[in-house]
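The sequence and the structure come first.

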Amino acid sequence: NSYAAPRFHQADDPRQWINGPTLQIDTEPWVKLRAWIFQTVEVKPGSRLQFQIHAVGFVKNTVGGYVLKAGVDPDGGEGCDAARWGAEQIANQEDGAILLGAPEVVVGQAGKVTVCAFAETQFAQAYHAAFFDDASITVR
């Protein structure tokens, strides 16, 4: 249950891009990875907001994959501790790019939200990486 520090960079191989340059998160071989990315954005208080992002989990041994999910903190907190998460999906390269969705939220009085994407390997593997691209926020 130990995790190595994640590395964040543009995907090395264009064949691993989801739609143009794609974020790749990886770490050392044979150690699990747990990582999340987040961004806080200003939104009119009381608006309804939906967040989605595409992801790919790549693992050397396709028995297993990545636990992937998207979330939103409707009060715009720092990080993802208070995020409301969408359904977890377990995926590997055989699944291709999958769409992750956070539950729709009502933006809090602070007038900002924090959107989050999460990846965790199911098992330590010789090689594994998570890829994220095409994030979108829909405000109503």
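Trp30 lies in the loop between strand 2 (23-26) and strand 3, where strands are DSSP runs of E with at least two residues, numbered from the N terminus. The model is predicted, so local features need pLDDT of at least 70 and side-chain atom pairs count only at pLDDT 80 or more, while totals for chains, interfaces and linings use all residues. Residues are numbered from 1 along each chain as its sequence is written, and side-chain values use heavy atoms, with hydrogens and water left out.

The phi angle of Trp30 is near 65 degrees, a positive value in a residue other than glycine. Trp30 counts as exposed because its relative accessibility is 60%; here buried means under 20% relative accessible area, exposed over 50%, and partly exposed in between, with a 1.4 Å probe and protein chains only. Asp134, in strand 11, also is not a glycine and has a positive phi of about 55 degrees, and at 31% relative accessibility Asp134 counts as partly exposed.

Leaving aside residues up to four places away in sequence, Leu68 touches, among others, Val56, Ala87, Ile98, Leu100, Phe118 and Phe132, a contact being heavy atoms within 4.5 Å.

## The largest pocket

The volume of the largest pocket is about 160 Å³. On a 1 Å grid over the protein atoms alone, a pocket is an open set of points where a 1.4 Å probe fits, with protein on both sides within 12 Å along at least five of seven lines, and lining residues have an atom within 4 Å of a point. Grid points are joined across faces, edges and corners, and the volume is the space filled by probe spheres set on the points.

Strand 3, strand 4, strand 10 and strand 11 each supply at least two residues of the lining, and the largest share, 4 residues, comes from strand 3. The lining includes Ile37, Phe51, Cys116 and Ile137, and by class has 10 nonpolar, 1 polar and no charged residues.

## Aromatic pairs

Rings of Phe, Tyr and Trp (its six-membered ring) pair if their centres lie within 6.5 Å, and planes under 30 degrees apart count as stacked, over 60 as edge-to-face and the rest as tilted; the count comes to 3 aromatic pairs. The pair of Trp36 and Phe118 is stacked, because the ring centres are 6.4 Å apart and the planes are at 15 degrees. This pair links distant parts of the chain, with Trp36 in strand 3 and Phe118 in strand 10, 82 residues apart. Trp36 is partly exposed at 41% relative accessibility, whereas Phe118 is buried, with a relative accessible area of 9%.

Phe58 and Tyr127 form an edge-to-face pair, 5.7 Å centre to centre with 65 degrees between the planes. Phe58 is in strand 4 and Tyr127 in the loop between strand 10 and strand 11, 69 residues apart.

Key:
Ala, Val, Leu, Ile, Met, Phe, Trp, Tyr, Cys and Pro count as nonpolar, Asp, Glu, Lys and Arg as charged, and the others, Gly among them, as polar.
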